[in-house]
Every structure is written in structure tokens, then in C-alpha cells.
Protein chains: 2
Amino acid sequence: MLNFIEKTMSLIVQKYGGTSVGDPIRIKAVAERIKSTVDAGNQVVVVVSARSGVTNDLIARAKALTPTPDEREMDSLLVAGEQETIALTAIALHAIGQKAVSRTGAGAGIKTDFAHTKARIVEITGGDIKNLLDDGNVVIVAGFQGVNANGDITTLGRGGSDLSAVALAAALKADICQIYTDVDGIYTADPRVVSTARKINEMAYDELLELASSGSKVMQARSVEFARKHNVIFEVRSSFNNEPGTIVKTEVSTMENIVVSGVAVDKNQMKITLVQLPDEPGVAATVFAVLGKAGVTVDMIVQNVGRAGKANLTFTVSKDDSAKAKEVLEKASKELGGATVESMTEIAKVSAVGIGMRSHSGIAASFFGALARAGINIELITTSEIKISVGIALARADEAVNVLHQAFDLDKK
Amino acid sequence: MLNFIEKTMSLIVQKYGGTSVGDPIRIKAVAERIKSTVDAGNQVVVVVSARSGVTNDLIARAKALTPTPDEREMDSLLVAGEQETIALTAIALHAIGQKAVSRTGAGAGIKTDFAHTKARIVEITGGDIKNLLDDGNVVIVAGFQGVNANGDITTLGRGGSDLSAVALAAALKADICQIYTDVDGIYTADPRVVSTARKINEMAYDELLELASSGSKVMQARSVEFARKHNVIFEVRSSFNNEPGTIVKTEVSTMENIVVSGVAVDKNQMKITLVQLPDEPGVAATVFAVLGKAGVTVDMIVQNVGRAGKANLTFTVSKDDSAKAKEVLEKASKELGGATVESMTEIAKVSAVGIGMRSHSGIAASFFGALARAGINIELITTSEIKISVGIALARADEAVNVLHQAFDLDKK
């Protein structure tokens with residue numbers, strides 16, 4: 001049933017997200033899956049998130065007290081969610097006759113730095129996990145949390161439970177880290193947009209990273225980067241069925257036969273055009289320094305030289321950051337030779353990602369040809385070694401994804 | 001405003017129950033009260049419970065998985081409730097400019113034995129609380145929880161947060177322990193039953209213990225016993241107003257002028273009559289041994305010798321235990337010479353409590369005289385040095401409480 005694990009005895013880290021432990025019925029299903037993995041002869045460490053909604057509820061309770069809650073206490077607050085699910089998961093395992101013990105992040109020896117609410121893992125000792133496993137236990141570890149050198153509880157920020165799982169897998173030298181979620185795996189495109197989208201069986205860390213930065217929301221880049229750095233093979237799969245998911249690992253040669261692995265879209269971008277910039281060296285650098293200081297990340301960039309020694313600069317930022325970007329640019333107008341924000345337009349970024357691009361030519365031609373034939377106008381372009389992204393009108397985003405999905409034969413096995 | 005604490009700089013432990021931290025508005029009110037206590041020049045340690053309903057919700061989630069959840073994991077589960085409220089209380093204090101730090105039971109050095117879900121406190125080190133206080137912090141401690149010598153989280157059972165507060169007050173040598181709840185203090189009778197009931201200003205530990213065993217639900221006997229043993233003065237008062245509450249302490253001479261402090265009623269009693277018992281020495285002992293082994297506590301007892309060498313035995317147990325009592329007695333019928341349970345009737349136990357009874361005569365005469373004049377029939381009687389209790393028909397319980405309240409002039413200052 002669990003394809004990967006029947007072949008041989010392994011140490012497996014399984015991570016279950018908030019929807020997978022959302023109610024007693026789901027928790028029982030999770031317990032059954034864990035037990036069947038143990039019954040197949042494996043040792044299992046489980047990382048669980050808080051129930052869906054609990055973390056947001058706790059944040060809302062704190063924000064009802066003050067808009068700027070103390071971060072140390074926020075961490076102390078937020079871990080309550082996982083404290084609940086580790087215990088319930090252990091109880092569910094006991095109920096079906098499986099030995100199990102729960103451990104907090106601190107109990108699992110997940111040591112972090114001092115950055116409350118967004119701590120970075122500095123070391124994982126694993127605590128007594130190895131002994132507990134050898135004693136026949138499943139060990140349930142609270143995701144998203146750790147402890148700093150002062151003994152204070154910390155949390156790892158968004159996507160933290162995935163990171164806990166991948167990092168534990170690295171520390172314990174697990175054979176695989178299975179990320180159970182509410183989707184079947186990683187798809188060639190969003191199935192809600194492209195009806196012929198297929199699940200990808202295998203992909204490289206770099207591809208998933210590019211997809212993540214292109215709007216695919218399956219996993220935070222941070223966990224993927226950690227996995228890549230420590231060479232942790234992981235699988236993204238559904239806790240709602242027994243289908244194999246998508247295995248993510250270091251590039252293997254067969255991967256290169258697939259030129260483009262997936263097409264992604266990010267509809268949360270704002271295109272900002274600055275006009276009346278002095279056409280002098282260093283001006284663009286000043287613009288991006290101003291934005292960087294305000295914590296605004298710039299994505300795609302186009303610069304046009306205008307007339308009379310003035311230039312225009314067009315770039316995209318996340319829609320969430322756009323108001324702040326406008327504010328700091330207007331404040332810096334003098335410094336920027338009187339430049340002004342001429343327009344802010346919502347756009348979509350559409351990307352094709354594939355590790356095979358490195359060794360195949362003509363990908364760009366196929367990409368732009370497909371969009372041209374569909375009459376979709378391209379406003380900005382950015383590329384990496386394994387990705388091509390374009391900014392286009394938001395209204396045509398889904399169409400563009402479908403056109404590209406077809407152009408690269410992603411609907412075909 | 002806070003009568004006790006304005007006079008002198010003190011170390012005060014304040015405990016807030018579940019209704020007092022039930023929502024952001026209530027938590028803000030708690031924070032204001034704590035801050036005003038600090039502003040009056042005191043050091044404050046705060047013990048909080050889980051929000052009302054949270055602990056029961058967590059128990060329900062576990063019971064949805066299995067009727068008999070593992071107790072170690074239950075403890076790990078239940079502490080999530082206080083984990084939330086300590087953090088929120090600290091956040092609320094920061095929001096009004098008061099330094100505050102939260103600590104779990106383990107963090108406060110509350111060491112317990114190994115009895116999960118009903119652990120007993122064996123030691124309180126206080127952790128770094130003293131230093132934190134000296135550094136200007138309010139320290140918020142999670143009630144109801146501790147840690148055993150294995151490092152496993154434990155909980156203290158029902159009323160555990162009161163116990164945490166009283167025990168911390170003892171360990172820290174606090175000047176007073178204030179128990180904030182949703183009632184104004186301890187009354188001469190239940191104000192819902194007796195309209196002229198008054199709040200008692202001061203009472204002895206023993207009086208409160210007798211009231212607790214007589215159906216008054218303000219505090220668990222366990223916490224009162226701990227306070228008595230360690231001589232912790234505590235005050236039961238409301239978190240919804242600024243009125244002084246009831247101070248509970250070792251007996252002082254002025255207390256003896258008040259002969260009866262309060263009248264209590266317990267409507268949760270079942271009277272059981274066993275008939276056809278052999279009229280032999282040791283039979284009653286066997287009955288109570290059978291019940292004791294089943295964990296059933298017997299309260300009031302009356303034995304009548306019948307005819308033909310047979311006796312009747314009447315006693316009361318908590319209504320919750322009555323089915324179990326019947327079951328074990330029927331099983332033991334042979335051992336008891338063929339005795340059978342003749343009847344089970346719901347009754348009320350009405351009690352008058354007062355430390356002054358010890359040195360005043362005629363209390364019993366007043367007590368029984370008042371009930372006789374009202375025509376209330378007495379079915380069972382039990383007395384202690386400072387209490388008289390009677391079992392009467394449930395339907396006349398409220399009337400009896402009023403009659404006694406008046407007979408002992410409890411409506412008069």
C-alpha cells in the first residue's frame with residue numbers, strides 16, 4: 001500500500017499538516033496509516049501541526065489584546081496548538097494498540113537561535129527518540145517549535161512544521177520524509193486551472209524551489225532548501241488516500257529527459273512603474289536599496305531609457321507589499337531626482353520550470369512562441385537556469401498557463 | 001482599591017480562574033488589576049487556569065478517540081489550555097506597559113509525583129521567579145500542571161490551579177494568595193437560596209473545609225488543606241469587581257465570637273438502606289470495606305437493630321457513586337449474610353459550620369429546634385467538632401437552609 005516502504009525496513013519521518021489532524025476521524029485515519037507503516041517493519045517518527053485554524057485563532061486572540069504582541073510570548077502561545085495534536089495522535093495510536101510517546105520540539109532536542117516567531121534551527125539532538133524507537137515506540141513530535149539556548153520556546157515561522165520534519169529526518173538519518181497534506185503531490189500545473197494537469201512522480205529540489213517562488217504553494221522554499229542542503233529525500237503526498245505522491249530529491253539523470261516539469265502562476269503581483277528617473281548610473285540601485293530597506297522584495301524588472309535624460313523603471317512586487325513600496329518611493333522622490341510612481345497594475349507571473357532546460361535549447365522559443373500564437377502580450381521577463389517567467393495581464397493568466405502546459409506536452413505521460 | 005495590599009509592600013500570588021480569562025476583554029481586565037497591584041508597590045506572581053471550556057473540550061477530543069486515553073498523554077494534552085492563557089496574560093500586560101514573563105508549571109519548578117492526571121506536588125523550587133520579580137517582572141505561571149522526576153508533564157486534577165497558587169504562595173513565602181473567581185467570596189449561605197446571605201469577611205481553614213465537604217463549591221478541600229498545612233493566608237474574591245472577598249486563615253480568637261459561620265447544602269446525596277444484615281459485630285465494617293474498595297465514599301450513617309437478629313443500615317453516598325455502590329453491595333450479598341439494598345432515595349445534606357461551636361453549648365439544641373419548628377423531618381445526623389449535618393428530604397432543602405440561616409442570625413452583621 002505504501003509503495004516506498006514495503007521493500008525494506010526503514011526509518012521514516014511522516015509529517016501531517018493541520019487538515020490531516022483536523023478532527024477525531026482524521027486523527028484516527030492518521031493513526032491507522034502510522035500503524036500500517038510500523039506493521040510493514042519500519043520505525044516511524046511523526047511530526048504534526050496544529051489543527052487547521054487553531055494557530056490563526058490563537059494569533060487573533062493575541063491581536064485582540066494588542067496589535068504588537070511580544071514575540072517571546074507569541075511563541076509560548078502558539079505552541080499550544082501542537083501540544084494538543086501530539087497528545088491526541090499518541091492517544092489515537094494507543095487506542096489501536098501501537099506504542100507511542102509524544103515529544104515537544106524541546107523534548108526532541110530541536111535547538112534554535114533566538115529569533116522568536118521565525119527562529120532558525122541550529123541543531124537537532126533528537127533527545128531520546130532513537131531509544132524510544134528501538135523500544136518499539138512511534139515518536140510524535142510537535143512541529144513548528146523548538147527551544148533556544150536560554151530554554152525559551154521558539155517557533156519556526158510559516159511552514160515550520162515541514163521544516164521540523166525535514167530537519168528531524170536529516171538529524172535521524174531517516175530514509176525518507178513523507179509530507180502528508182491535502183493534495184496528492186506536485187502537479188504539472190494547478191489542476192483547478194489546467195484540467196489535464198498531471199501529478200509529477202519525481203522532481204529535483206531546484207525545480208520545486210523555482211515552482212515555490214513562482215506561486216506554487218505546496219511547500220515553503222525554506223524546507224526545500226534545507227532538504228537540498230542535507231540531501232533529505234522527501235515525498236509530498238495526500239493523507240486522504242494511499243496514492244504515491246511526488247518524490248523530491250537531488251537531480252538524477254533521467255530527470256533531464258523531461259525538459260519542463262511544471263507551469264506555475266502567481267496572481268499576487270503588482271507592477272509598479274517609476275517615471276522621470278534621472279538616466280544616470282546608480283539610480284536603479286538607489287530605488288532597490290530604498291525598497292530593500294523597507295523589506296520589500298522586487299521580482300521582475302524592466303528599465304527603459306526615455307527622452308531628455310530621463311528613464312522609466314518597471315518592476316513587480318508582491319501585492320501585499322505594494323502600498324509600502326509606493327509609500328517609501330514617494331518619500332524618496334527627492335533622492336531619486338524627482339521620480340514619481342506613474343502606475344501600479346495588478347499582473348500575473350506565469351513560469352515554466354524544468355531542470356532539463358539547462359541542457360536543452362529552444363525552450364525560450366517554444367515558450368514565447370506559444371504565448372505569441374495565443375496573442376498574449378508579455379510585459380516583463382525574468383529567467384533563471386531552469387525557469388522562464390513572464391509578467392502578463394492578470395485576466396489572461398489561466399489561459400497562458402494552459403497554453404504553456406500544452407506547448408510543453410505536460411498533459412502527456 | 002485593593003484593600004489588603006495598599007498598606008505595605010508585599011509579595012502577592014494572584015490566581016485567576018477560567019471565567020476570569022475567558023475572552024480578550026476579561027484578560028485585559030485581569031491585566032489592569034495585576035498592574036494596579038504592582039503600581040501599589042507589590043511584587044506579583046499570577047497563576048492562571050485554562051479558558052472556561054477549553055479543558056473539557058480537550059478531554060472530549062481525547063474521549064472521541066478512545067474511552068480510556070493514556071494518562072501521560074492526557075496530561076500532555078491538557079496543559080495546552082494553560083499554555084495559551086499564560087502567554088495571553090503576559091501579552092496583555094506588555095500591552096499596558098507592564099513587564100511580564102510566562103512560565104509553565106515545569107518552568108516554575110512545580111515538581112510532582114508520578115500520578116498522571118492527579119499528581120501531588122512534592123516540591124516547588126520556584127525556578128527563576130524570584131530573580132524575575134526582582135527585575136521588575138510580573139511572573140505568570142500555568143496552573144494545574146507540574147513535572148515529574150522523569151521530566152514528564154503532569155496535571156494536578158480538579159481544582160489544580162488553586163493548588164498551584166497556594167503551593168507557590170507557600171514556596172515563595174508570599175504574604176497572601178488571592179483566589180480570583182466569579183463569586184465575591186464565601187457566603188453565610190448560597191445567595192440563590194437565602195436572600196439575606198452575607199459575605200463572610202474572615203474564616204478559619206477548618207470552617208472552609210467543613211463547608212467544602214458540605215456542598216459549598218468555592219474551593220476544593222485539597223487546596224484548603226495545603227494552605228492550612230503551610231499556613232498560607234488566602235482570599236477568595238471576585239475578578240469582576242474590586243470588593244474585598246473572604247480571607248481564610250488559621251483561627252484567630254475573634255472568630256470564636258461567631259458561633260456559626262455558614263449554612264451549606266449538598267443536594268447530590270443518595271440515601272441507601274441495607275436490610276436483613278446479620279446483627280453481628282463486624283458486619284457494618286464489611287459493608288464499608290466493600291464500598292471503600294470500590295472507591296465509594298460513605299458520608300452519613302445510621303444503624304438500627306431490627307428483630308430476629310437482623311439489622312438495617314442506612315447511609316449516604318454521592319449520587320454519582322450510587323449505581324456503583326448498589327452494584328458492589330449486591331455482589332457482596334452472600335458475604336453480608338444475604339443483606340439486600342431495600343431503597344435508594346435522593347436526599348439533601350444541610351450543614352451548619354462554625355469554629356465557635358467548640359466553645360459554645362446549645363448549638364445542637366438551636367439547630368434541631370429550628371428544624372422541628374418548621375416541621376422538617378431529620379433522617380440522618382452527623383457531627384464534627386465544628387459542624388452539624390443532617391439528611392432531610394430533598395424537597396425541603398432550601399427551606400431548611402433558610403430556617404437555619406435565620407436561627408443563627410447569619411443575616412445580621
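Chain A contributes 27 residues and chain B contributes 27 residues to the contact, where two residues touch if their C-beta atoms, placed from the backbone, lie within 7 Å. The model is predicted: local features need pLDDT of at least 70, side-chain atom pairs count only at pLDDT 80 or more, and totals for chains, interfaces and linings use all residues. Residues are numbered from 1 along each chain as its sequence is written, while chains are lettered from A and ligands numbered from 1 in the order in which they are written.

**The side of chain A that touches chain B**

- Helix H1 (24-39), helix H2 (54-63) and helix H3 (71-95) of chain A are the elements giving two or more residues to this side; helices (H or I, at least four residues) and strands (E, at least two) are DSSP runs, numbered from the N terminus.
- H3(A) provides the largest share, 15 residues.
- This side of chain A has 17 nonpolar, five polar and five charged residues; Ala, Val, Leu, Ile, Met, Phe, Trp, Tyr, Cys and Pro count as nonpolar, Asp, Glu, Lys and Arg as charged, and the others, Gly among them, as polar.

**Domains of chain A**

- Chain A is assigned domain 1 (11-182), domain 2 (271-344) and domain 3 (348-407), with bounds from an automatic or database domain assignment.
- The centres of domain 2 and domain 3 of chain A, taken over C-alpha atoms, are 25 Å apart.
- In chain A, six residues of domain 2 are in contact with six residues of domain 3.
- On the domain 2 side of this contact, strand S14 (298-305) and strand S15 (310-318) of chain A each supply at least two residues.
- The largest share of that side, three residues, comes from S14(A).
- By class, that side has two nonpolar, two polar and two charged residues.

**Strand S6 of chain B**

- Strand S6 (residues 138-142) of chain B is largely enclosed by the rest of the structure, because five of its five residues are buried; a residue is buried if 20 or more other C-beta atoms lie within 10 Å of its own, with C-beta atoms placed from the backbone.
- In a regular strand the side chains alternate between the two faces of the sheet.
- On one side of S6(B) are B:Val138, B:Ile140 and B:Ala142, on the other B:Val139 and B:Val141, and all are buried.
- S6(B) pairs in the parallel sense with strand S2 (residues 43-48) of chain B over four bridges; two strands pair if DSSP finds at least two bridges between them.
- Opposite B:Val141 in S6(B) stands B:Val47.
- Strand S3 (residues 100-103) of chain B also runs parallel to S6(B), joined by four bridges.
- B:Ala100 has B:Val138 of S6(B) as its bridge partner.

Methods. A residue is buried if 20 or more other C-beta atoms lie within 10 Å of its own, exposed if 12 or fewer, and partly exposed in between; C-beta atoms are placed from the backbone.
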